[in-house]
Amino acid sequence: MSVASRVGEDIILRRSTSIAGKRSVLTKFAWVVALCVVFVAVLAPLLAWHQPIVCKYQGTYDFPAVVDTVRQIPVLGSYLEKSKPFRFPTFDARKTLDPDSFAIWPPIPFGPIELMADANLSSSRAHWLGTDDRGRDVLARLIHGTRVSVRVGLYSMLLAGAIGIVVGAVAGFFGGMCDWVCSRFIEIVMCFPAFFLILAVMAWIGEGLTGVILVIGFTQWTSIARLVRAEVVRGREADFVMAARSYGASNTHILIRHLLPGALGPAVVAMTFGVADAILLEAGLSWVGVWRSVADAFVGLDAA
Amino acid sequence: MWRYFLKRVLLTVPTFVGVILLTFVVIHLAPGSPATADDAGLGDSGMSAVEHQRLRAHYQMDAPLHVQLARWTARAVRLDFGRSFANGRPVSQIIAERIKPTLLLTFGTILIALVLAIVIASFLATRCGRPIDKLILTGCVGLYAVPPYIVGLLLIWIFGVWLNWFPFAGLTSDEFSSMTTWRKIADLAGHSVLIGLCFVGPLLAYLIPFIRASLLSVLKEDYVRAAHAKGLSTRRVMFGHVLPNALLPLLTVLGLIVPAVMGGSVVLEVMFSWPGMGRLLYESIGRRDYPVIMGMTIVSAVIVLLVTLVVDLLYAWADPRVRYV
Amino acid sequence: MRCAVALGGPVVVNPPELFESQPSDRALVDSDATLQCRLKAEPSSFNPVLMFTAIDAEFDYLLWDRPFLLDENLQWSVNPEMVEAFAFGEDHLEATLTLKPGLRWQDGTALTSADIVFSWSRILHGKVLARKARHGTDEITHCRAVDERRVQFKFKEALATNKWSVDFPIVPRHVYEPLLADDPSMQRSDAAVKANRMPVGNGPYRVVEWLSAERIVLERWEAYSGKKPAFARIIFRVIPDNNAALLAFEAGRIDEMSLAPRQFAADTNSARFAKVGVKAKGEQWTTYYIGWNVGGKNAFLTDAKVRRALGLMVNGELINKQVFFGLFERSVGLFPAAFLPADVERLPPKFDPVRAGRLLDEAGWTISEVDGWRYKNRPVDAPNAASVPAEFKLNIVSASQTSPRVADIFQSDLRKIGVRMGVEVLEWSVFNERNLEHRFDAFLSAWTCGPDPDEARNLFHSDAKRGGRNYVAYENAAVDDLFDRGRRTVDSDARKKIYGDLERIILADAPYTFLVDAPTLWAFSHRVRGVTLSPRGPMHAFPGMRAWWTPRKPSPAN
């Protein structure tokens, strides 16, 4: 199909090698920052939460914030339950816990959705970055907002990557009619006004992070698909594929073992840029008012 | 060449039909309808069941979807895209009005960004690895990550409010219709500066690293070394041999950028009260103004496909090998 | 055109000169001045029969004169500029209107009784989308031109609301009648669109320029026979964003804008703002409320006791303070005091979690020992028995800045008594669709009360459940009866008593929980005078913008 994608992929490949090739100070710094962000995202409840990490309550030791951290892991988390008083909505750990009893609180002892009753406080020792217009601790929201951003960025790009790689590989490898259909499909999605899809999906799936992730994932896969397709087309005629064919390797084998590894490089680079785009897109969505601002998605965590 | 041209043109037809079909189905199946969108609703007026039924009939929503699609297609092939639900004006007229500011912005900003990016990238390519190179590259990444509405807000504050250099709302001054042609151009340019900068920023952030990488890879080619060996000056090598070859891939990127900028940015257009396409689409979606949405889909699809087509044809012209792929 | 420069003193709210009416000495008034207004969005058309949004209505009294007026206190009155006489018949079933002689449309054609009859017939025509105008007008069964200047109306019933029904918009017959053959809807042909965008009105202003999504320019119609307004030109600038509008205001690009609570309280206290303008605040009949789906499937909300308990959980003070910057008032009831007998005393409900919890316990929604949330019919010893959780979803509109904040506070308070509230953000169209189809648990919204209490009939009467606005499917025979009696009672004191009783019943049944009443919050530049603040804001009642003026020599402000 269009020449455009072939050249585009060329450039991205070049860019990817130039980025990965140099382990400069800058690269190291970028790694550190990225790791910090992930660290904050994964351990958010241990850094800022409305319940302590460890405490002694009525004679037993409880680990509410730790349990909540684990509970955020998909699938695995649902097997774990918080101990009794701490999972009660009516239970206010800050008021109920004896001030003298043993308790280790997270460094920021506030949850992201806790209303503190005093809005727009400037920074103080209690609230390091102050409180926002609804009286919630800004730092706590920042920490949990990071979590949401990371989740949106990663999950939506994983989804986009999965769709893009499958569609691109199928199109490129089988060629002919199959390629024709897939390529048209890619073009159609590229031309489609994504904003409307976003509105539609939001209304069908309902509010929540899942909707945002699905929408971004389902609309942002096209460039990945084009890159993968171009790479597979190029590799299809390569000598090593010919060799594999000659000793009777199956199509699937050739595609998965010989062609895809080469095609993944540019796809991964495109996905990395996609993560940034996805996070900005999500912020844009909340700006437009299609869905509630970043960390409000957190309401889902303990209200649902 | 002609066979290739014909093939490429024919290929856009199914895509075009697909986009229209998909858009039509999605907007009609999406929840909400023009009848519920313009209900003055919870205000103080009465909205009876009869009234609601009348609205549905007025918007011709009682027919099944395929009948509506057939009706719409029958009119659209005669280039009649219907009338806006909101105000009864012909869709073509509304879009014609709103596409002008968008075209001005798109081609203005892309042109400026391209020139700037090429100059800066050439400068960087010859200083590869030096601190200034790293600094600007990092700056580009940073610029890319800043949400455009923050840039917009800053620009409005600094140049609109504080320094009061440029107007920051709308497209024209009140006296526009009585101005001379030159004054008109100056007026339009003045109104476009701030919102234009918001578009130029991310474009630069995207283009500079791209062109720089492209230049660097060309610089490694044998013919460049040969040119140097011939004793040509660095400048002659750069402008005579390197740039033309390095800029070829830029065509592709242009094919991606034009539609993206063209689609406009709702956020920026709202912020600058800019009467462009992005705002029109956003408002039309909110009102479920189906004829306008369909009209805009067609326009944007035509632009995307046209740009891709032109880029591909230019490629085929510049590099005959691709025609036989 | 720049306003007078004042030394950046404190920002003034409701300064007396803002409301100063136009002096009789014309030498003091600048009659060549241009007024610059802000439009949040474009109007759909200037045809008053088709007008339906609040933005369309801003132009109503500027381009069009009607025989009747809604004055600044939202009282009905006859327009003396147009009407020589108007009287209801003995039985209140008919009325006769006599126009003044010599009335003209802006193109010079005479305005006669035929125009009124024509307008009435268009409004009631099945093909015309007269969304707003048809309401009430359909109570008029006959509208007949007795002669050039006299019109006779006949009504379905002798209702107290008939005086509102005769106040329908009028359009020029000679402009629209020739178009009807092609386009009976008045809006689907090029000629009709042109007539709607550049209308031939009879008001003091004419449209001279309409640049889509940018600005609309009105000019004074110098041949206007009534009292001519002071401003020679009005430029309406389309500025969708509130913050951009405030910047434009401070830059002197607009002379008026409505302010969001945050802008009024926090963003307009600077010296820069004080230099260009003042603020105005007035009572407005706008109420924020939560509607409960009384007739829906959620068993938790169908119980009036539960709804009363939920009402007690509204922390009005906190909501007012944090979301509305203390500018709003806690709602005390359904109607503005003007609709009720003078002796009715209404107290704002108190935030009382303890009593709310007790009410919920009484109603059978008790706190579970297992997870701390409330359930109905969950015995303590059988935690796995089938039980109904005390939970519901609150729908809010995505475009609202304040709704999510109100919802957050309510949600966090409800959690403390073990009630689980989810929040669903819906786009306006979808929000409306769910309401119309009664597919919701609860929704948060606001309404602006009309000038007559009978407007609420559409919200509470059981026959408004299908297709009306009784989205919550409220049904109470006593309420139905009172509404029916209320509209038939012409005597105003007796009417007030009926609506007083009505409100009491509705508050007890609690199909809605009223949160806060919103005031009118506005910014005006120093040069603007003659503003009136009606319960619908400064523009949507007579005389509105027509009475605004600016002194000939810019006087130093403050």
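This briefing covers selected features of chains A, B and C in a predicted model. Chain A is described as a whole, with 14 helices and 3 strands. Chain B is described by its confidence values, with a mean pLDDT of 84. For chain C, the points concern a four-stranded open sheet, a right-handed β-α-β crossover and the residue Asp71(C), which lies in a loop.

**Chain A: overall make-up**

- The secondary structure of chain A consists of 14 helices and 3 strands.
- Of the 304 residues in chain A, 51% are buried.
- Counting contacts in chain A between residues at least 6 apart in sequence, 66% link residues at least 24 apart.
- Chain A has an accessible surface of about 14,000 Å², and carbon and sulfur atoms account for 68% of that surface.

**Chain B: confidence**

- Chain B has a mean pLDDT of 84, and 93% of its residues reach 70 or more.
- Among the elements of chain B, the lowest mean pLDDT, 73, belongs to helix H3 (residues 49–58).
- The highest mean pLDDT among the elements of chain B, 92, belongs to helix H5 (residues 91–125).

**Chain C: open sheet**

- An open sheet in chain C is formed by 4 strands in the order E1-E10-E9-E8, with mixed pairing.
- Strand E1 (34–39) and strand E8 (205–211) of chain C are the edge strands, each pairing on one side only.
- On average, neighbouring strands of this sheet are turned by 20° against each other, direction ignored.
- E1(C) and strand E10 (residues 233–238) of chain C run parallel and are joined by 6 bridges.
- In E10(C), Ile235(C) is the residue opposite Gln36(C).

**Chain C: strands E17 and E18**

- Strand E17 (residues 391–397) of chain C runs parallel to E18(C), and 7 bridges join the two.
- Val425(C) in E18(C) has Ile396(C) opposite.
- Between E17(C) and E18(C) the chain passes through helix H15 (residues 403–416) of chain C, giving a right-handed β-α-β crossover.
- Strand E18 (residues 420–426) of chain C is mostly covered, with 6 of its 7 residues buried.

**Chain C: Asp71**

- Asp71(C) sits in the loop between strand E2 (68–70) and strand E3 (76–78) of chain C.
- Asp71(C) counts as partly exposed because its relative accessibility is 23%, and the partly exposed class lies between under 20% for buried and over 50% for exposed.
- Apart from its neighbours within four places in sequence, Asp71(C) is in contact with Ala541(C) and Phe542(C).
- Asp71(C) and Pro543(C) are 472 residues apart along the chain, and their C-alpha atoms are separated by 6.8 Å.

Notes. Residues numbered from 1 in each chain as written. Chains lettered and ligands numbered in written order. Predicted model: local features only at pLDDT ≥ 70, side-chain atom pairs only at ≥ 80, totals over all residues. Heavy atoms only, no water. Buried < 20%, exposed > 50% of the residue type's maximum accessible area, 1.4 Å probe, protein only. Pairing = 2+ DSSP bridges. Right-handed = clockwise from strand over helix to strand, strands pointing away. pLDDT = per-residue confidence, 0-100. Axes fitted to C-alpha atoms, helices over the stretch in contact; angles between N-to-C directions. Contact = heavy atoms within 4.5 Å. Areas by Shrake-Rupley, 256 points an atom, 1.4 Å probe, with all protein chains shown as cover.
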